[in-house]
Amino acid sequence: MEATFPPPRLLPSGDSAITVEFSKVIDETANQRVLALDRALSEAAIEGVTEAVPTYRSLLVHYDPCQIDFATLGEKLLALAKRPVPPNGKTRHWRVPVAYGGENGIDLEDVAKALNTTPDEIVARHVAGKYRVAMIGFSPGWSYLSGLDKSLHMPRRQSPRLLTPPGTISIGGVQTGIQCVAAPSGWHLLGRTPVRTYQLHREPIFLLEPGDRVTFYAIDTKTFAEQEKAAENCEIVAELMAS
Amino acid sequence: MTKIVVTSIGPASSVQDGGRHGAQRYGLTESGAMDRLALAAANTLLGNTPFAASVEIGPFGAAFTAREGAVRVALTGASRSADIAGQPVAFDSSMTIPENATLTLGFAKGGAFSYLAIEGGITGEPMFGSLAVNARAGLGSPYPRPLQAGDELPARAASGAPERRVEPPAATNGPIRVVLGPQDDEFSDEAKKLFLDSEWMISATSDRMGYRLEGPVIKHLHGHNIVSDGTVNGSIQVPGNGAPIVLMMDRGTTGGYPKIATVISPDLRRLAQTPAGTAFRFKAVSVVEAQAEARKYAQLLRSLPDRLRPIENVELNIEALHDANVAGHAVSAVDADTWHHVPPDGQGAGLSGSGRPT
């Protein structure tokens with residue numbers, strides 16, 4: 001089938017990177033096209049391209065201007081982006097445990113109040129979601145997931161917190177995410193997972209790939225503590241489902 | 001074993017190298033030296049590979065003592081007073097610290113970061129091919145954090161090779177050049193003009209993640225939230241308060257503020273070496289021009305070995321060193337008001353971000 005999408009915009013990010021922009025908004029189709037271009041670019045192995053960073057709506061392509069220039073690389077990227085988006089056949093599915101509420105999710109009750117429902121109902125809706133890793137960014141392993149239930153969409157906090165704990169599971173806007181290392185955040189904290197999406201001295205160091213599928217399940221604080229210990233010892237803790 | 005002991009050091013000092021590459025898609029930023037030219041010059045002086053791990057010294061003073069043997073080192077970057085056991089030493093040259101002697105460095109003058117390379121390079125356990133400190137990610141070796149007094153850096157016993165200096169490249173003064181975008185369409189023509197026509201200063205709250213700029217308020221056309229996309233070293237984000245932030249080596253790999261422009265790679269080190277409170281301007285160039293400049297910069301980096309010179313006169317010319325290191329009339333690479341101090345041929349501007357007279 002012919003791709004009938006308009007071509008992406010090529011935007012310079014200085015002299016050593018191109019932003020290939022498919023959309024300005026969060027859009028599932030745009031994200032699929034980003035991930036497809038990311039794969040196609042990796043297979044094309046264009047000389048001078050050093051790395052690529054897929055995001056919700058664009059692919060940032062880093063390159064060496066001594067080896068290839070903006071115009072030449074731009075043309076190659078447009079040609080690759082014309083290819084039809086292959087069906088998402090081989091995606092991995094991770095089941096990620098979460099200890100919701102209490103000290104692990106200090107915003108759960110406020111979120112329930114703001115959305116006129118109960119904390120249990122918020123958790124039920126969050127675990128019912130089928131998510132996809134739309135991008136990983138900002139800090140190591142911070143995985144932005146698409147697929148959040150519309151009833152859980154809410155604006156970010158007025159004032160971001162300067163530090164939120166590792167493993168935080170939170171919602172912000174139309175997104176939910178898995179945060180790995182302690183970092184500032186303006187999102188609402190629902191719980192924590194013992195799963196480490198980034199861990200040195202473990203194989204693999206980074207657990208999730210853009211495009212992976214993710215679902216959550218609730219665990220109690222005792223299980224959380226046990227799995228934290230296992231994760232500390234480089235166990236992966238998340239379940240990889242056959243797909 | 002022979003080593004360098006950090007006897008005193010201020011904040012914002014850490015082991016840095018050429019940075020780690022290839023994992024930005026997992027949220028791991030590149031890190032690495034703020035002034036790669038100065039890093040490469042320091043390493044070249046000692047015969048190390050250009051981006052071997054070295055000590056990046058922030059604006060405050062520092063002292064290093066050689067233990068269990070003499071250690072050969074090189075100093076480049078922002079100039080400052082420097083002496084070994086009370087004897088002044090020159091920047092942009094190699095030197096040997098005798099066993100139990102201390103190299104003492106004052107505050108940075110007209111720049112922000114100096115580099116202390118160690119013969120053989122700092123050794124440690126690389127992660128993603130780099131020893132660079134990225135404290136947030138828990139990365140860096142031998143210490144995954146900024147350096148502290150008492151830290152020890154393993155070194156090789158001084159080779160006794162003749163000391164050398166490096167001929168500084170021609171000064172590149174003038175405005176910091178940028179390529180507009182990737183989100184310059186989030187700003188009106190007036191806002192872009194204001195950005196390019198105004199004088200800016202770097203805020204004292206800046207760090208290796210980002211340099212906050214003080215100047216006029218840059219207003220957005222459609223609000224300050226965009227859907228996050230990728231960032232590069234030198235991306236200029238404009239957050240809600242309209243005060244631009246230039247993203248530096250420890251930036252987040254993605255960001256949700258519109259990016260009005262991007263500093264071109266050859267000028268990023270000059271911005272990195274601009275002290276807080278020094279006025280400077282931006283100038284827009286085309287991608288084609290920026291890439292031509294990037295290639296010239298790569299050529300300059302490659303030319304460093306050809307710029308090595310023997311140190312002919314071992315007798316120290318104290319007056320010259322005084323001029324070089326503790327000159328009160330340092331010039332800024334980005335402050336036009338000081339440019340007349342630079343000789344017309346531009347020589348003598350040093351490898352620091354700022355020029356200095358010789």
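Of the 358 residues in chain B, 59% count as buried. Keep in mind throughout that this is a predicted model. The secondary structure of chain B amounts to 5 helices and 23 strands. If you take the contacts in chain B between residues at least 6 apart in sequence, 75% of them join residues at least 24 apart. The chain exposes about 13100 Å², and carbon and sulfur atoms supply 55% of that.

Now the sheet. Chain B has an open sheet of 8 strands, with mixed pairing, in the order β21-β14-β15-β18-β17-β20-β13-β22. At its edges are β21 (279-280) and β22 (282-284), each of which pairs on one side only. Strand β13, residues 176-180, runs parallel to β22(B), and 3 bridges join the two. In that pair, B:Ile176 stands opposite B:Phe282 of β22(B). Helix α3 of chain B, residues 265-272, packs on the sheet and touches β13, β14 (200-202), β15 (210-214), β18 (245-247), β20 (259-263) and β21. The direction of α3 makes about 130° with that of β13(B).

Elsewhere in the sheet, β14(B) and β15(B) pair in the antiparallel sense, over 2 bridges. B:Met201 has B:Glu214 of β15(B) as its bridge partner. β15(B) also pairs with β18(B) in the antiparallel sense, over 3 bridges, and there B:Gly210 stands opposite B:Leu247 of β18(B).

Next, a residue in the loop between β14 and β15 of chain B, namely B:Ser203. Is B:Ser203 buried or exposed? Its relative accessibility is 7%, so B:Ser203 counts as buried, the cut-off being under 20%. Leaving aside neighbours within four places in sequence, B:Ser203 is in contact with B:Arg212, B:Glu214 and B:Ala276. B:Thr278 lies 75 residues from B:Ser203 in sequence, yet their C-alpha atoms are 9.3 Å apart.

A second residue to look at is B:Arg164, in strand β12 (residues 164-166) of chain B. B:Arg164 has a relative accessible area of 27%, so it is partly exposed. Again leaving aside neighbours within four places, its contacts include B:Thr44, B:Leu45, B:Leu46 and B:Gly47, and also B:Arg72, B:Asp92 and B:Leu308. A polar atom of the B:Arg164 side chain lies 3.1 Å from the backbone oxygen of B:Leu45. B:Leu308 is 144 residues away from B:Arg164 in sequence, with 6.5 Å between the C-alpha atoms.

Last, chain A, and helix α1, residues 28-44. After the helix comes A:Ala45, whose phi is positive, near 45°. Among the buried residues of α1(A) are A:Val34, A:Leu35, A:Leu37 and A:Leu41, and also A:Asn31, A:Arg33 and A:Asp38. The buried residues of this helix pack against β2 (17-21), β3 (49-54), β4 (58-63), α2 (70-82) and β6 (131-136) of chain A.

Note on methods. Residues are numbered from 1 along each chain as its sequence is written. Chains are lettered from A and ligands numbered from 1 in the order in which they are written. This is a predicted model: local features need pLDDT of at least 70, side-chain atom pairs count only at pLDDT 80 or more; totals for chains, interfaces and linings use all residues. Side-chain values use heavy atoms; hydrogens and water are left out. Buried means under 20% relative accessible area, exposed over 50%, partly exposed in between (1.4 Å probe, protein chains only). Helices (H or I, at least four residues) and strands (E, at least two) are DSSP runs, numbered from the N terminus. Contact means heavy atoms within 4.5 Å. Two strands pair if DSSP finds at least two bridges between them. Axes are lines fitted to C-alpha atoms, for helices over the stretch in contact, and angles run from 0 to 180 degrees between N-to-C directions. Accessible areas come from the Shrake-Rupley method with a 1.4 Å probe; for residues, only the protein chains shown count as cover. A polar contact is a pair of N or O atoms within 3.5 Å; within protein, one must be able to donate a hydrogen and the other to accept it, and residues adjacent in sequence count only if both atoms are side-chain atoms.
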